[in-house]
Amino acid sequence: ERLYDELALSAPVNHAFINHHLRLDGYAAEQLLAMVAMRDHAFLAAHWFGNDLADTLNIEVRQGFSMQEDTSDIRFVGDHRMAHGVFRFARGFPGAHFTRFDTARTRVVAVDGASRPVLLHMAWGDGRIVLCSAPLAFTNYNLLKDRNARFAAAALSLLPPRPLWWDEYLKAGRTENSSFFRFLLSQPALKWALYLAEALLVL
């Protein structure tokens, strides 16, 4: 709706998506990038950006699945670094990093302990896109460790000061057991039928 509202587009906003997997289909990716091209900014943090969005942005992310790999260190790079020092995160990072991106419109802002890009700043039309392959850096647990909140603050400072639209729709949500018996117990009639069947078996 906002994309076709000229009055709404006259006041650019920031979009923030932080999740393990960013599952934007082709239409949703197209709409988001159209708003970015019209001066909006987007902050996208994920281990996987989906085929449609990744193909359009010409990016590729690879994960290091080795348990021995230590990719929990992140540091800013470049002449004008957002923050100095090395930020150390808890183990459990999948080692996701960018292996392909459009160098003509993209600059590397931060790298991991193996000097592989994990934070990119990309021009897109009249707007900008910030891509991060380490969404776990923005979890409560990691933000409270050492100086890690400074990393999150510096990364988010790549967005200009303006209203922020926070994504809740694409969140993974609460993980629950989806077994057959859980469904039976969630329905009162089926639950009593199950109890009755168990009682008959006992008798």
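**View 1. Aromatic cluster of the predicted model.** One aromatic cluster is formed by Phe43, Phe76, Phe87, Phe89, Phe138 and Phe151. Rings of Phe, Tyr and Trp (its six-membered ring) are paired if their centres lie within 6.5 Å; planes under 30 degrees apart are stacked, over 60 edge-to-face, and the rest tilted. The structure is a predicted model, in which local features need pLDDT of at least 70 and side-chain atom pairs count only at pLDDT 80 or more, while totals for chains, interfaces and linings use all residues. Residues are numbered from 1 along each chain as its sequence is written, and side-chain values use heavy atoms, with hydrogens and water left out.

**View 2. The pair of Phe89 and Phe151.** Eight aromatic pairs are present in the structure. Phe89 belongs to the loop between strand E5 (86–88) and strand E6 (97–100) and Phe151 to helix H5 (residues 148–156), so the pair ties together parts 62 residues apart in sequence. Helices (H or I, at least four residues) and strands (E, at least two) are DSSP runs, numbered from the N terminus. Phe89 is buried at 4% relative accessibility, and Phe151 is buried at 0%. Buried denotes under 20% relative accessible area, exposed over 50%, and partly exposed in between (1.4 Å probe, protein chains only).

**View 3. Arg39 in its loop.** Arg39 is located in the loop between helix H2 (26–37) and strand E2 (41–45). Its phi is near 90°, a positive value in a residue other than glycine. With 39% relative accessibility, Arg39 is partly exposed.
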